[in-house]
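This report goes through the secondary structure, the sheet and the nonpolar cores of the entry shown below.

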Amino acid sequence: MTEQPGQSTADPKQSERSPVLVAGEALQSWPEDLYIPPDALEVILDAFQGPLDLLLYLIRKQNIDILDIPVAEITRQYMEYVELMRRLHLDLAAEYLVMAAMLAEIKSRMLLPRPEVEDEDGEDPRAVLVRRLQEYERFRSAAEQLDSRPRLERDLYIAYARIDDPDPPKIESLVDLDDLVEAMKAAMLSAHRRKHLQLVPETLSVRDRMGRIMERVRSGEYVDLKEFFDPDEGRMGLVVSFIAVLELVRDGVLIIIQNDPGAPIHVKSKDR
Amino acid sequence: MKNKLEISNTVEAALFSAEEPLSIKDLRGMFKPEDAPTTDELNAILDQLTSDYHGRGIELVSVANGYRFQTQVQYATALRRLRELRPPRYSRALLETLAIIAYRQPVTRGDVEEIRGVAVSTDIMRVLLERGWVRQRGEREVPGRPVLYGTTTDFLEYFNLKSIQQLPELADQRDLAEIARDLNILLPEPRHSSSEESEPAESDAEDSTDSDESPVTDIDRPIKSDTSTQSAADRIG
């Protein structure tokens, strides 16, 4: 596992004994540890998984209880990081700025006197943030747990004796996008040759075509990709078929198979 | 009529020569109807085989809807060295996305973004769909009809899980009442009238210290942390 920010999590309860930690007054000074060598910084900043991750890092770094965030200070630090990211020309996602705005809003709301009445506005403005941070943290650790589970290709290998089959089923090899594009080109060319025959084109829907393709492959057999390229439909029809196939593949319901480079391309329903 | 040993050996051979896990149904299906063991008999055979292989280099395990032979975890390093295999690594972003889908399914991309606070990259969804760990599970009936995603049997098989319930429970989330008390805010929850909640909002830090360290026997709290884990488990199911 690579080093990650926010790993220096100490038990927040422990830190409550130190005077630094008491919210507000007793706080003497914040650790001046923002300085990190510039090249290392870039790696660290890039490793943040978004504003919530960065915030959690800032909070953990100072052993602050997540339930007791000094918003003003955290906002200041957060903005420093965001500014750094910008100066380093890191791909600064808009979400970071949205969070900055949210922090500023919380900060300003906390400066206002708290209303006495129990209306909805009386809710501590930090509560929403805290809830989101906690929720994110749960899934962050769930992801870590998932990652540490024994899994195939890393910790476990399927143990099986291969049976030699004189008539083996088709090998499902990955089809290069180039080959697909080639197939598409060939179909386009043949459509071009019949262009003069083309009549008023029907409007063709990709969704409809996707349905028809799935219907065709439902039995589980291999179907030649060419079947879906009907030159009579013209350029438009071909494009619709092509997109429909790509969509289905992306959705994981269709697989594309080619036995050898240059061989005909077949499609098959993904369902076993 | 085949004898018991023959049936058991046939099952073993079938499992050992299968690249994918075989279900009870698969296993029963390979026998002539008159020879086919009952599901109970088959389960007994599988249990016996599992214990026969116990403590060996390979083991018989039950994943998703089937059984498969696999190598024991502790020999993975040696096997990788032998085959010069390099296990694929997955980014935190991908694993977080996958975890959210696994625990909260069915979810939309928007749900994932809401929790992670950052846009879900198309690349991540592409990898998850390509690996077959995640698939579309219909659309949510709201404007825009966003696609709902859920995990697949391939996901279970890859992560060595029998079912999604086998995932560890989500870390305890402190319930709202507790957070509210620590933050000294008033929730519109009139069910219990402990003095704790109506205290003036003076020293936040001290209050939270107290409540964290002292056993909370004096407060009647209807919402326990059990409830939140329970609801998490419900959501998984």
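## Elements of chain A

Helices (H or I, at least four residues) and strands (E, at least two) are taken as DSSP runs and numbered from the N terminus. The model is a predicted one. On that basis, chain A contains nine helices and three strands. Read from the N terminus, its elements follow the order α-α-α-α-α-α-α-α-β-α-β-β.

Chain A has 272 residues, of which 26% count as buried. If contacts in chain A are limited to residues at least 6 apart in sequence, 68% of them link residues at least 24 apart.

## The sheet

The three strands of an open sheet in chain A are arranged in the order 1-3-2, and their pairing is antiparallel. Strand 1 (223-224) and strand 2 (254-258) of chain A are the edge strands; each has a single partner strand, so one side of each lacks a neighbour in the sheet.

Two bridges connect strand 1 of chain A with strand 3 (residues 265-269) of chain A in the antiparallel sense. A:Val223 has A:Val267 of strand 3 as its bridge partner. Strand 2 of chain A is joined to strand 3 of chain A by five bridges, also antiparallel, and here A:Leu254 lies opposite A:Ser269 of strand 3. Strands 2 and 3 of chain A make a hairpin with six residues between them. In the turn, A:Gly262 has a positive phi of about 85°.

## Nonpolar cores

The largest nonpolar core holds 53 residues. The members that touch the most others are A:Leu55, B:Leu98, B:Ala99, B:Ile100 and B:Ile101. In chain A, the elements giving two or more residues to this core are helix 3 (51-61), helix 4 (71-87), helix 5 (94-111) and helix 6 (126-148). In chain B they are helix 5 (92-104), helix 6 (109-116), helix 7 (122-130) and helix 8 (153-158).

Which residues does B:Ile101 touch, not counting those up to four places away in sequence? They are B:Val107, B:Val112, B:Val134, B:Tyr149, B:Gly150 and B:Thr151.

A second, separate core has 20 residues, including A:Ile213, A:Leu238, A:Val245 and A:Val267. A:Val267 is also the bridge partner of A:Val223 in the sheet.

Technical notes. Residues numbered from 1 in each chain as written. Chains lettered and ligands numbered in written order. Predicted model: local features only at pLDDT ≥ 70, side-chain atom pairs only at ≥ 80, totals over all residues. Core = buried A, V, L, I, M, F, W, Y, C linked by C-beta atoms within 7 Å. Buried ≥ 20, exposed ≤ 12 C-beta atoms within 10 Å, placed from the backbone. Contact = placed C-beta atoms within 7 Å. Pairing = 2+ DSSP bridges.
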